[in-house]
Amino acid sequence: DDKKEFNPRASHWYTTFGFEAMEYELPFEFVGTKKKFHKEKRQLYGGRLGFGGEIHLGGGIMTSTRLEGYYMGTLFESVQSADPGGPDEDVATIKDAGQIFGADAVQTLSYLWDFQAKNPFMDTYSYMTIEPFIEAGIGKAQAFNKKDYNYDTSIKEGYDQSFKDDLTNVKLGAGINLTSR
């Protein structure tokens with residue numbers, strides 16, 4: 001028999017994947033005849049991918065170390081334009097663009113408890129582990145955000161501002177993993 005039952009108390013490699021969102025505050029400042037821009041909070045959306053190893057320290061105590069990479073951006077933004085004269089004539093356009101990407105190193109400490117749960121529809125039991133954990137991490141990230149505005153009729157005004165940030169970030173977290181065996 002080639003089948004192996006997963007042993008949650010054994011040391012093993014694992015991957016993580018998730019979607020996330022963040023709000024990034026930008027210090028835009030422009031007062032024109034037609035438009036005004038002030039500080040704004042931009043929504044960024046993206047994903048995170050991690051790879052690590054978990055080590056059984058004894059009893060139910062586990063520790064893991066993983067490296068994560070992530071990217072978030074203005075995935076759903078497009079150029080907003082006003083075009084009263086025809087398909088080849090833009091009189092006003094606003095384009096918002098932003099992104100952040102980085103990597104974190106994360107250390108986790110957890111404890112495993114075994115339990116079984118009865119299936120309410122069948123006369124069977126599921127064997128599971130519950131694993132509360134705490135984690136801490138540190139990483140580096142780079143962010144780039146831009147706003148480009150042009151208005152071109154008898155009044156001509158424009159605003160083109162971009163910001164690039166290099167960030168050091170700290171991550172603290174807690175949660176619960178449920179694993180079926």
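**Salt bridges, aromatic rings and the core**

Colleague: How many salt bridges does the structure hold?

Modeller: The structure holds 14 salt bridges. Please keep in mind that this is a predicted model.

Colleague: Let us take one of them. What do the side chains of Arg9 and Asp114 form?

Modeller: Arg9 and Asp114 form a salt bridge, with 3.0 Å from N to O. Arg9 lies in the segment before E1 and Asp114 in strand E8, so the pair ties together parts that are 105 residues apart in sequence.

Colleague: Is Arg9 buried or partly exposed? And how does Asp114 count?

Modeller: Arg9 is partly exposed, with a relative accessible area of 24%. Asp114 is partly exposed as well, at 42%.

Colleague: Which residue forms a salt bridge with Arg42?

Modeller: That partner is Asp96, and the closest N and O atoms are 3.3 Å apart. Arg42 is in strand E4 and Asp96 in strand E7, 54 residues apart, so this pair links distant parts of the chain. Both Arg42 and Asp96 are buried.

Colleague: And where do Lys171 and Glu68 lie?

Modeller: The side chains of Lys171 and Glu68 meet in a salt bridge at 3.0 Å, N to O. Lys171 lies in strand E10 and Glu68 in strand E5, so parts that are 103 residues apart in sequence are tied together. Glu68 counts as buried because its relative accessibility is 5%, and buried means under 20%. Salt bridges that share partners join Glu20, Arg48, Arg66, Glu68, Asp104, Glu135 and Lys171 into one network.

Colleague: Let us step back to the whole chain. How many helices and strands does it have?

Modeller: The protein chain has 0 helices and 10 strands. Of its 181 residues, 30% count as buried. Among contacts with a separation of 6 or more, residues 24 or more positions apart account for 68%.

Colleague: Now the aromatic residues. How many aromatic pairs are there?

Modeller: The structure holds 10 aromatic pairs. One of them joins Phe28 and Tyr159: the ring centres are 6.2 Å apart and the planes stand at 85°, so the pair is edge-to-face. Phe28 lies in the loop between strand E1 and strand E2, whereas Tyr159 lies in strand E10, so the pair ties together parts that are 131 residues apart in sequence.

Colleague: Are Phe28 and Tyr159 buried or exposed?

Modeller: Phe28 counts as buried, at 0% relative accessibility. Tyr159 also counts as buried, at 9%.

Colleague: What is Phe37 in contact with?

Modeller: Leaving aside neighbours within four places in sequence, Phe37 is in contact with Phe28, Glu29, Phe30, Ile94, Lys147, Tyr149 and Tyr159.

Colleague: How many residues does the largest nonpolar core have?

Modeller: The largest nonpolar core has 16 residues, and Tyr24, Phe37, Ile100, Tyr149 and Tyr159 have the most contacts inside it. E1, E5, E7 and E9 each give two or more residues to this core. E9 gives the most, with 4 residues.

Colleague: Which residues form a nonpolar patch on the surface?

Modeller: Ile55, Leu57, Ile61, Leu109, Tyr111, Trp113 and Ile134 form such a patch, with about 690 Å² of accessible area together. Strands E4 and E7 each give two or more residues to the patch. Tyr111 is found in strand E7 and counts as partly exposed, at 34% relative accessibility.

How values were computed. Residues numbered from 1 in each chain as written. Predicted model: local features only at pLDDT ≥ 70, side-chain atom pairs only at ≥ 80, totals over all residues. Heavy atoms only, no water. Buried < 20%, exposed > 50% of the residue type's maximum accessible area, 1.4 Å probe, protein only. Contact = heavy atoms within 4.5 Å. Phe/Tyr/Trp six-rings, centres within 6.5 Å; stacked < 30°, edge-to-face > 60°. Core = buried A, V, L, I, M, F, W, Y, C linked by side-chain atoms within 4.5 Å. Patch = residues over 30% accessible without salt bridge, like charges linked within 9 Å, V, L, I, M, F, W, Y side chains within 5 Å. Areas by Shrake-Rupley, 256 points an atom, 1.4 Å probe, with all protein chains shown as cover. Salt bridge = Lys/Arg side-chain N within 4 Å of Asp/Glu carboxyl O.
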